[in-house]
Amino acid sequence: MPRLILFNKPYGVLSQFTDRGGADGTGGGRATLSDYIDVPGVYPAGRLDKDSEGLLILTDDGALQARISSPKHKMPKTYLAQVEGEPDDAALDTLARGVTLNDGPTRPATVRRIEAPKLWDRDPPVRYRKSVPDSWLELTITEGRNRQVRRMTAAIGHPTLRLVRWRIGGWEIGDLAVGAWREVG
C-alpha cells in the first residue's frame, strides 16, 4: 500500500527536503520539508513555491506522484488567491477562457469570487494598503506551470498577494493546521 501524506506547507518553506542554495552550494539555511516531516522514502508530488502555502502531497509511489504532478493527467488543483484590487467580470472571464503567458496559453480555469476565507495567520502577514483594496478568488487549474496562478492574476492586472493551495484532486486541506501533516489511506 503506497504511503500518502497531506501537508499544510507554511509560507517560506521550500518544497524539498534539502536546501542547496547559497553561494557555496552548502545550503541557504531556508526552511525545508525536513523541518516538518520525518518520514523516510516519501517525496513531494508537485511543488509549491516558497511564497505559497497550503496543500502539498507526499508519497512513496512514483506512479501516483506522476499522476498527481504531471499536466498530462489534468488533475485539478484549487487555489485561494488574495489579489490586489477587485477583478471585474471581464477579468474573471479572461481567466476562465485561459490566459496567454510568456510560455504559451494556459488551459481554461474555473474561477469565482469568494468571501475572505478563515485561514491561519501568515508569518509575515500580507502587507495591508489602505488605499488599495484586495479581494479573494477561488481558481481551479488543471496544469501546474511555475508560479502559474500568480502569473495568471498578474496578466489580468490583479497581482496575487497571498496564495493557498486548498485542494488537489479529491484531497483537501480541510482542518489541517499550518505546518502539520497527516497520513491518509
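A helix here is a DSSP run of at least four residues, and helices are numbered from the N terminus. With that in hand, let's walk through this model, which is a predicted one.

Of the 22 residues that line it, the closest to its centre are Arg47, Leu48, Asp49, Arg145 and Arg147. Which elements give two or more residues to that lining? They are strand 4 (77-84), helix 3 (148-155) and strand 9 (160-168). Helix 3 supplies the largest share, three residues.

Now for the rings. The structure holds one aromatic pair. Its partners are Phe7 and Tyr36, whose ring centres sit 5.6 Å apart with the planes at 50°, so the pair counts as tilted; planes would have to be under 30 degrees apart to count as stacked, or over 60 to count as edge-to-face. Phe7 belongs to strand 1 (residues 4-9), while Tyr36 is in the loop between strand 1 and strand 2 (43-44), so the pair ties together parts that are 29 residues apart in sequence.

One more ring is worth a look, that of Tyr11. Arg122 lies over the face of Tyr11, at 3.9 Å from the ring centre.

How values were computed
Residues are numbered from 1 along each chain as its sequence is written. This is a predicted model: local features need pLDDT of at least 70, side-chain atom pairs count only at pLDDT 80 or more; totals for chains, interfaces and linings use all residues. Side-chain values use heavy atoms; hydrogens and water are left out. Rings of Phe, Tyr and Trp (its six-membered ring) pair if their centres lie within 6.5 Å; planes under 30 degrees apart count as stacked, over 60 as edge-to-face and the rest as tilted. A charge sits over a ring if NZ of Lys or CZ of Arg is within 6 Å of the ring centre and within 35 degrees of the ring normal. On a 1 Å grid over the protein atoms alone, a cavity is a set of points where a 1.4 Å probe fits but cannot get out, and a pocket is an open set with protein on both sides within 12 Å along at least five of seven lines; lining residues have an atom within 4 Å of a point.
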